[in-house]
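Hi,

Here is the model we talked about.

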Amino acid sequence: MVAIIMGSDSDLPVMQKAADILQHLAVPFEMTIVSAHRTPARLFDFAQNAHTRGIEVVIAGAGGAAHLPGMVAAISPLPVIGVPVKSSNSIDGWDSILSILQMPEGVPVATVALNAARNAGILAAQMLSLKDPNLQERIVEYKKLMESTVLEKAQKMEDQR
Ligand code: RP5
């Protein structure tokens, strides 16, 4: 089970991409809002208990002064994948990226690219697939689908010339 959390409902348009790919790969997940700054008690409760509830990977997205992924990683023993969101309070996205990326030694957050929630979902699925061969097979199929989509586009482009 994957937990997708985000600092605000305004992050949902970005974070929905993690939910979509997990759904595509048939990976069960929960999704909710946990704000490091506005609901700190909820953050502590989530991070302290996620692993006891059967959560195996956390995907955390936030923007601006994006402390959510790092604080979850500080408290929880679970792997945390951070999604920097270019939010309304983000200057240009770099603030979100650096807040999530530049963690101190001992407390890693696997940071994906700006707004790259789909990649966070794929990475979470890949982690879980290490002990689930059927899921690994679905990831192989997903890669084949990406390949055939690009090859079709290449063919179309070549045909138009
Ligand atoms: C962050 O502040 C949230 O993760 C969001 O990206 C940003 C703006 O939040 P709202 O003011 O839209 O609720 O904590």
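A quick word on terms before the sheet: two strands count as paired if DSSP finds at least two bridges between them, and a strand here is a DSSP run of E with at least two residues. Keep in mind that this is a predicted model.

With that in hand, take β3 (residues 57-63) and β4 (residues 80-85): they run parallel and are joined by six bridges. Within that pair, Ile 59 of β3 has Ile 81 of β4 standing opposite.

Stepping back, the open sheet is made of five strands with parallel pairing, and the order is β2-β1-β3-β4-β5. The edges belong to β2 (29-33) and β5 (110-111); each has a single partner strand, so one side of each is left without a neighbour in the sheet.

Now the ligand. Where does the ligand sit? You'll find it in the largest pocket. Around the ligand are Gly 7, Ser 8, Ser 10, Asp 11, Arg 38, Ala 62, Gly 63, Ser 87, Ser 88 and Asn 89. By type, that shell comes out as seven polar residues, two charged and one nonpolar.

- Ser 8: a side-chain N or O atom is 2.6 Å from an oxygen atom of the ligand.
- Gly 63: a polar backbone atom is 3.1 Å from a ligand oxygen.
- Asn 89: an N or O atom of the side chain is 3.5 Å from an oxygen of the ligand.

As for cover, the ligand on its own has 360 Å² of accessible area, and the protein covers 80% of that.

Cheers

Methods. Residues are numbered from 1 along each chain as its sequence is written. This is a predicted model: local features need pLDDT of at least 70, side-chain atom pairs count only at pLDDT 80 or more; totals for chains, interfaces and linings use all residues. Side-chain values use heavy atoms; hydrogens and water are left out. A residue is near a molecule or strand if one of its heavy atoms lies within 4 Å of it. A polar contact is a pair of N or O atoms within 3.5 Å; within protein, one must be able to donate a hydrogen and the other to accept it, and residues adjacent in sequence count only if both atoms are side-chain atoms. Accessible areas come from the Shrake-Rupley method with a 1.4 Å probe; for residues, only the protein chains shown count as cover. On a 1 Å grid over the protein atoms alone, a cavity is a set of points where a 1.4 Å probe fits but cannot get out, and a pocket is an open set with protein on both sides within 12 Å along at least five of seven lines; lining residues have an atom within 4 Å of a point. A molecule sits in a cavity or pocket if more than half of its atoms lie within 2 Å of its grid points. Ala, Val, Leu, Ile, Met, Phe, Trp, Tyr, Cys and Pro count as nonpolar, Asp, Glu, Lys and Arg as charged, and the others, Gly among them, as polar. Helices (H or I, at least four residues) and strands (E, at least two) are DSSP runs, numbered from the N terminus.
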